[in-house]
Every structure is written in C-alpha cells, then in structure tokens.
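Dear colleague,

Please find the structure below, handed over for your own work. My notes on it come directly after.

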Amino acid sequence: MKVLPSDPAPARGPASAMIEIDHVSQTFRTSGRQAHLALSDISLTIEDGAFVSILGPSGCGKSTLLYIVGGFVSPTEGEARVKGRAITGPGPDRGPVFQEFALFPWKTVLGNVMYGPRQQGVKSAEAEAQSRRLIEMVGLKGFENFYPKELSGGMKQRVALARTLAYHPAVLLMDEPFGALDAHTRTRLQNDLLNIWERDRKTVLFVTHSVDEAVFLSDKVVVMTRAPGRIKQIVDIELPRPRRRAELLLDPRYQKYVVEIERMIDDTSEDGLQP
Amino acid sequence: MMARALSRLAPLLAVLGLLAIWQAGSLMLNTESFPTAIQAVRAVPSILGDQESLIHILDSLRRMAIAFAAALLFAIPLGLMMGRSRLVASFFNPLLMITYPVPKAALMPIIMLWLGVGDLAKMLVIFLGVSLPVIYHSFQGARAVEEKMLWSGAAMGLSAPQRMVRIVLPAALPEILTGCRTGLVLALITMVTSEMIARQSGAGNILFNALDMGQYDTVYAMIIIIGAMGIGLDAAFERLRSRLVRWSEPGFDIPLSFA
C-alpha cells in the first residue's frame, strides 16, 4: 500500500509513464540575494490516466513542481518529461487550472472556452459547438454570454476547467483549484470534477493542502515535507470508483487513509527542518 | 420625484448660474476688457459662421487628431513593453522621470528653432504632451496583468508576441484608456498653448489675435468654444471608453450566488 519514493512505481495494469520527474531541484534567489531551496531532488513517475495529488504544507514547493511540469518554470537541476520528451516550455498537451481562475475578463464564458480551440485553428462554428457542450457539462448552460465578473468563484472555476478541457490537453495540471472556494462549493466541484474525469480518465496532477481532498480524488497521494520540499511518501489510494463523497466519509478504508496521512504530516522528525 | 428631476437638470442650472454671475459681475465692473456673458455668447455664432475662423479651428483639430493618434501608436506599445520587460523598463524609466515634470510648452521655443513655426512643431508638442500619461498608464496596466493569465495563454499555444497583443493589451485596456483620457485633455491644452507661442493658425491664434486687437467679446467667445470642444471630446471619448471596457466596469459585478 505504501511505497517509498525510491521504489519503482507500482504497476496499475498496463500503464505507461505520462510524466516523469527526474531528480528535479529548484532554487530561488530571495530579495536578500540568498539562495532558497524550494524543491530538493524530486523524482516521480505519473502513469497515463492516473489521478495523482501532491499534498503538502504551504511553502513546500508543491505548486512549483506543478509549474515545472507545466513548463512555466524551468528547474535549476534535473529534468521533467512528458510522454518521454523533455519539457522546455508550456504546451497544449498540459492544461493548467489555477486557484486564481485566470480567466480572460474581457471575454464572455463562451469566448473564454472557445479561446484555446480557436488558437489551435478549429473553425469558429465547430469550436463554438464544442464549447457549448463543455459549458453544459460543467453545469453552466445558460451562462454562455456572461462575463467572468458576473460569476461567483465556483462558477469561475467551472469556466476555467471547461476552458482548459476545450483544447484537449493530455494532462490536467490543477493548482489548488478549489482552495479559494467555500466548503459547500468545494464539495460540489470535487464531485463534478470526478464525474468529468471518470468519462475520459485524463492524467491529472492535482496540488492541494487538504488531506481530505487528496484522498477523495486520487489514485495516488504524494506527501511532501516542509521546505525544502522533498517527497516524504507516496500513498496508493485503493478505493473503488466511482466515488461519492457522502458515501466515502463513512467508509473505514477512507478514514484509515486520512488518518495515516495526517499522522505522516504530524511527524516532522524526517522533515527538512535543518537550517 | 422632484429631487430626481432636479438632479437631472443640475448641470444645466450650474452653467446658467455661472453665466448669471458672469453677467452680473461684468455689469457691475463695467470695464471694456470684461464683456458680459450675453455679449460673449452672441459672438460665438459669428465666429463659427466665419469661414476663415472655421478653417483655423478645423486646422487646430486636425493637428490635434494627428498628434494624438501618433502618440497613442507610439506610447501604448512602449508602455506595454515596459510593463512586461524589466530591461525595457529600466532603460526608459529614467528618461520618463526626467521628461514627465517638464511642461511640454516650455520646449516650444527649442522645437520652433529646429522645426519652424509650422504644423510639425505644434504637432510634436502635442505628441509629447499626450505620450507621457499614456505611457505611464499603459506601463501600470501591463505590469498588473496576472502572470497566470499569461501562462494560461502560453499553454494554449500563444507565442510571446501573441500574448502581448491578445492578452496584455486587452487586460490593460481599462488602464490604457484612463491614460488616453488624460492625454486627450492634455492634447487640447498643448494645442492652444502651441498656437499661442507659434502664432500662425488655429483656434489659439484667433484668441490671442483678438486679445491683441482688444476684441474682448471674441476672446471670451473663443474660450467658450475651446471649452465646449474639450467637454465634447471628453464626453465622446468617455462613451467610447465605457463601451470598450464594459466588462471591467464596477457596478456591473453583481456575482450570482450559485456554485
């Protein structure tokens, strides 16, 4: 059930590696010209179609790791690969969804969702038809002509998800996507995300600081230490799918995973707290 | 009901009140250099009806329009690049800090020395006057663009120049247009001052010639005409602006409560 980071990834059927993170370290220069080690020697393989969460306290570099896979940040050391090719920059094979939504405020909901397909050269009418279907799928039918300003946080994140799904990325990179939402909205979005994911099983890399959320959503939870971020442990979540949150909460296996990971986080003995 | 009707009429009443005070003041002072409001307003149609005056005024507007357009074409791209590139910003920022507080009309004598008293000198002064606020606001607007928005664009396959035109420009547009509005008012001011210094043609020229010849009703009528031009241009620009950036206007943001 538990695998140490140095072990090879456990086989989940005939799986192939979608993302390989190979001895990646990241150093930032702080304003005091001091080098700050954000990520230290991370190696991780993510299989095609897996839902993997990266869990850790704030400042552990988990978002930085996601940005490296996105190609938005290049690692100081090591290499990240997608489908075997080294990542040198952003690309439509990896679609980000950010906590801040980052919608284009001058575009309507439909305009935002159509943006990617249009950029990829899909004909206007076809892009519009696809986008309308996606908007319906994320539960926003009727809001096509609204501007982001007119929407609540949960609705904005639904638009952001649809906008990213619209250009068919092989990997979804989700950076604490539900972190800015209230508990009720968050639960609804988690359920809806799983429903959408279960249809086409895209590879998902999901960054969160919520143990609950990580266990509920993932096949695999990568637990990270405090700064400098290292992989503390990888936990395989063997819970049946499709999952519904209300049912899982009563499942002793679910509770066991949550408690196990909570204990891991509590135990700071192996954390990189040295100066 | 009464209050609403009154508030709608308020601007008109304010103008009429000002004219009444003017009228009363001038009747009391009774000097030649301060004509009554009625005399000044009466001189307006005769100026606008005069073909030569009209040509002068249209000349002014033409210079202003060309210089304003040229300034936008120069200032918006520069400001946006400064906002997104530290290198460009560190190069141009000191230059702007030096030129910002200099009254552009003060440069007029030097510019006249180089370019003469014709259109080019006047348009250059207007160009300088408009450029600085537009650069400044474009810079601020571009700097405030969310990094994640640009990342989202990059993931969709937008190249760096495409991100500049299709993300930074629209995202910074509300701020850019605020700068343009300030620029428009400055264009009118520098237009009149340039014509005051380099007398040859234009609305400012009519004004100062009339002043020299002691035609005070014409002087005041020209002030009314120039003022009305300013108000008209500003109102027209404001309408255009609010249409272009309706998506960002406050008061438009009543978020719906639904997940």
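The notes below cover conventions, strand pairing and then individual residues.

Residues are numbered from 1 along each chain as its sequence is written, while chains are lettered from A and ligands numbered from 1 in the order in which they are written. This is a predicted model, in which local features need pLDDT of at least 70 and side-chain atom pairs count only at pLDDT 80 or more, whereas totals for chains, interfaces and linings use all residues.

Strands of chain A

Helices (H or I, at least four residues) and strands (E, at least two) are DSSP runs, numbered from the N terminus. Two strands are said to pair if DSSP finds at least two bridges between them.

Chain A contains an open, antiparallel sheet of four strands in the order β3-β2-β5-β6. Its edge strands are β3 (35-47) and β6 (85-86), each of which pairs on one side only. Within chain A, strand β2 (residues 17-29) and strand β5 (residues 77-82) pair in the antiparallel sense over five bridges. Opposite E20(A) stands R81(A) of β5(A).

Strand β7 (residues 94-98) of chain A pairs in the parallel sense with strand β8 (residues 171-175) of chain A, over five bridges. V171(A) in β8(A) is the bridge partner of R94(A).

A residue counts as buried if 20 or more other C-beta atoms lie within 10 Å of its own, as exposed if 12 or fewer do, and as partly exposed in between; C-beta atoms are placed from the backbone. Five of the five residues of β7 in chain A are buried, so the strand is largely enclosed by the rest of the structure. R94(A), P96(A) and F98(A) point one way from β7(A), and G95(A) and V97(A) point the other way.

Residues in loops

Most residues other than glycine have a negative phi, and most peptide bonds are trans. F101(A), which is not a glycine, has a positive phi of about 70°. F101(A) lies in the loop between β7 and α2 (109-119) of chain A and is buried because 25 other C-beta atoms are within 10 Å.

In chain B, N30(B) also has a positive phi, near 55°. N30(B) is placed in the loop between α1 (2-29) and α2 (37-49) of chain B, and counts as exposed because it has 8 C-beta neighbours inside 10 Å.

R241(A) and P242(A) are joined by a cis peptide bond, with omega about -5°. P242(A) sits in the loop between β11 and α7 (245-248) of chain A.

Yours sincerely
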